[in-house]
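Here's a quick tour of side-chain pairing, written for someone who likes to check the geometry. Have the viewer open as you read.

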Amino acid sequence: MNTPLQRPSKQPPDLRAWRAAALALVCLAQVASAQAWTLSIAAASRRVFLHVGNGTTDGNSATVNTVSTTLTGAQLIGGNPLAMSSNSSQSASLYDGYNTCPDPSSQMLIGASYRRNNGNDGPARATLRVTSPANLENGNGDTIPFSQISWTVSAPGSPRPNVIPAGAFNGGSLTLTSVRANTYIENCHSYVYANEAVRAAGAYNGQVTYTLSSP
Amino acid sequence: MRRRLFLLSPASCKAAFAAAASLLLLMVASPALANPHRLDDSLSHTVPASAQMAWRPQTSADPNAGVEAWVRVNIRIDTAKWAGRTGNIYMVLPRDQSSSMEAEWTTNGTLRAGRLVSGERALVYTGRIPGNTLQDQMQVRLRSAPDWQSTTRRLNFYFELDVDGIDAPTAEPSPTR
């Protein structure tokens with residue numbers, strides 16, 4: 001019985017010698033191939049980009065835009081929904097400069113992108129959410145539910161004008177859509193105050209936060 | 001599981017040495033027999049020594065814009081063996097993975113500006129090789145799609161020479177001191 005160490009090879013010694021020689025030369029070849037300029041490069045970091053209203057291409061912006069409406073007594077009693085105006089001036093797409101929001105005084109342009117290196121570099125999609133407080137407040141203890149504010153969407157010339165869908169704030173976190181890796185989405189949001197009840201006089205304020213995340 | 005280990009007898013060791021010497025002789029001799037000839041540019045270096053790719057802006061004209069990085073490369077190619085000969089020198093980027101890498105560069109004039117994609121070579125010098133070294137500085141832009149199979153890569157550029165005429169060195173390289 002042969003042990004593994006004593007087991008004779010079926011190959012002649014000369015052939016084994018050639019194999020040993022070839023192995024040594026492979027090592028030499030590896031040394032020779034080191035004569036070259038080399039560069040180690042790291043992949044780009046995973047990145048999300050989001051702008052709501054005025055934004056800066058691939059950059060940060062401190063601007064927080066406002067949508068508002070002022071009701072007359074008749075409108076307050078009438079109970080009809082009212083379109084809200086915007087202080088945004090962002091009409092042009094940050095993606096291609098297209099005039100996506102032709103009337104920014106009543107619209108808010110929202111654009112989002114998600115970029116990753118490959119299938120192992122984070123999830124296939126990033127998630128776009130908006131978080132709103134329960135109420136707008138006037139400082140005197142009076143409130144209006146945030147759910148009184150909704151929005152419609154548009155994107156002139158786009159085959160998918162509702163890529164971020166229409167909806168209404170819910171006084172909490174609301175998932176709007178997901179953004180596929182290495183894509184850019186955008187459309188235009190027009191806000192509406194439902195005006196379903198008579199409220200105490202005052203200026204009611206509240207702030208919503210849009211978030212694009214790739215956990 | 002059984003492991004196989006081959007031990008060489010003293011006689012086999014002698015045979016191995018002889019075989020290695022023969023193969024080594026063939027290896028040393030073969031570059032003088034056929035183009036291309038690998039050139040030594042081990043004194044070349046990049047600034048910075050490593051780089052991180054950055055995202056290129058997505059636009060409607062380039063919705064699939066990938067990543068890019070810029071590096072400066074100080075090139076120093078040892079051409080002592082080939083001084084006075086004429087030929088073409090190419091920069092080569094072997095393919096390191098299925099994701100292609102594009103390199104595009106400008107130079108200070110000794111070498112040619114150009115472009116290549118991994119797996120290709122590009123002409124950087126043609127004509128008479130003037131001396132023991134070819135030196136230049138390249139500004140290299142690297143671009144690729146975001147389809148890497150890894151989070152880091154190592155690009156191993158090198159230079160090779162297709163020499164004109166009788167394909168052999170004119171003289172032995174002078175010793176380095």
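This is a predicted model: local features need pLDDT of at least 70, side-chain atom pairs count only at pLDDT 80 or more; totals for chains, interfaces and linings use all residues.

What follows covers confidence, then salt bridges, then aromatic rings.

Chain B has a mean pLDDT of 83, with 75% of its residues at 70 or more.

**Salt bridges**

Side chains of opposite charge can pair when their charged atoms come close. Over all chains, the structure holds 10 salt bridges. The table lists some of them.

| Pair | Closest N to O distance |
|---|---|
| Arg46(A) and Asp121(A) | 3.8 Å |
| Asp58(A) and Arg47(A) | 3.2 Å |

Take Arg46(A) and Asp121(A), whose closest N and O atoms are 3.8 Å apart. This pair links distant parts of chain A, 75 residues apart: Arg46(A) is in the loop between strands E1 and E2, and Asp121(A) is in the loop between strands E6 and E7. Are the two partners buried or exposed? Arg46(A) is partly exposed at 35% relative accessible area, while Asp121(A) counts as buried at 16%.

Next along chain A, Asp58(A) forms a salt bridge with Arg47(A). Asp58(A) sits in the loop between E2 and strand E3, and Arg47(A) is in strand E2, so the bridge ties together parts 11 residues apart in sequence. Asp58(A) is partly exposed, with 35% relative accessible area, and Arg47(A) also counts as partly exposed, at 25%.

Arg141(B) belongs to strand E10 and Glu102(B) to strand E7, so parts 39 residues apart in sequence are tied together. Arg141(B) counts as buried at 14% relative accessibility, and Glu102(B) is buried too, at 17%. Salt bridges with shared partners join these two, Glu104(B) and Arg115(B) into one network.

**Aromatic rings**

The structure also has 6 aromatic pairs over all chains. Which rings pair up between Trp37(A) and its partner in chain B, and how are they arranged? Trp37(A) and Phe157(B) are stacked, 4.1 Å centre to centre with 0 degrees between the planes. Trp37(A) lies in the loop between helix H1 and strand E1 of chain A, and Phe157(B) lies in the loop between strands E11 and E12 of chain B, so the pair joins two chains. Trp37(A) counts as buried at 1% relative accessibility, and Phe157(B) is buried at 0%.

Within chain A, the ring centres of Tyr95(A) and Tyr184(A) are 5.0 Å apart and their planes are at 20 degrees; planes under 30 degrees apart count as stacked, so this pair is stacked. Tyr95(A) is in the loop between strands E5 and E6 and Tyr184(A) is in strand E13, so the pair ties together parts 89 residues apart in sequence. Tyr95(A) counts as buried at 18% relative accessibility, and Tyr184(A) is buried at 16%. Elsewhere, ring pairs link Phe146(A), Trp151(A), Phe169(A) and Tyr191(A) into a cluster.

Chain B also has charges over rings: the charged end of Arg38(B) sits over Tyr158(B), 3.8 Å from the ring centre, and that of Arg153(B) sits over Trp148(B), 5.0 Å from the ring centre.

Definitions and conventions:
Residues are numbered from 1 along each chain as its sequence is written. Chains are lettered from A and ligands numbered from 1 in the order in which they are written. Side-chain values use heavy atoms; hydrogens and water are left out. A salt bridge is a side-chain nitrogen of Lys or Arg within 4 Å of a carboxyl oxygen of Asp or Glu. Helices (H or I, at least four residues) and strands (E, at least two) are DSSP runs, numbered from the N terminus. Buried means under 20% relative accessible area, exposed over 50%, partly exposed in between (1.4 Å probe, protein chains only). pLDDT is the predictor's confidence in each residue, from 0 to 100. Rings of Phe, Tyr and Trp (its six-membered ring) pair if their centres lie within 6.5 Å; planes under 30 degrees apart count as stacked, over 60 as edge-to-face and the rest as tilted. A charge sits over a ring if NZ of Lys or CZ of Arg is within 6 Å of the ring centre and within 35 degrees of the ring normal.
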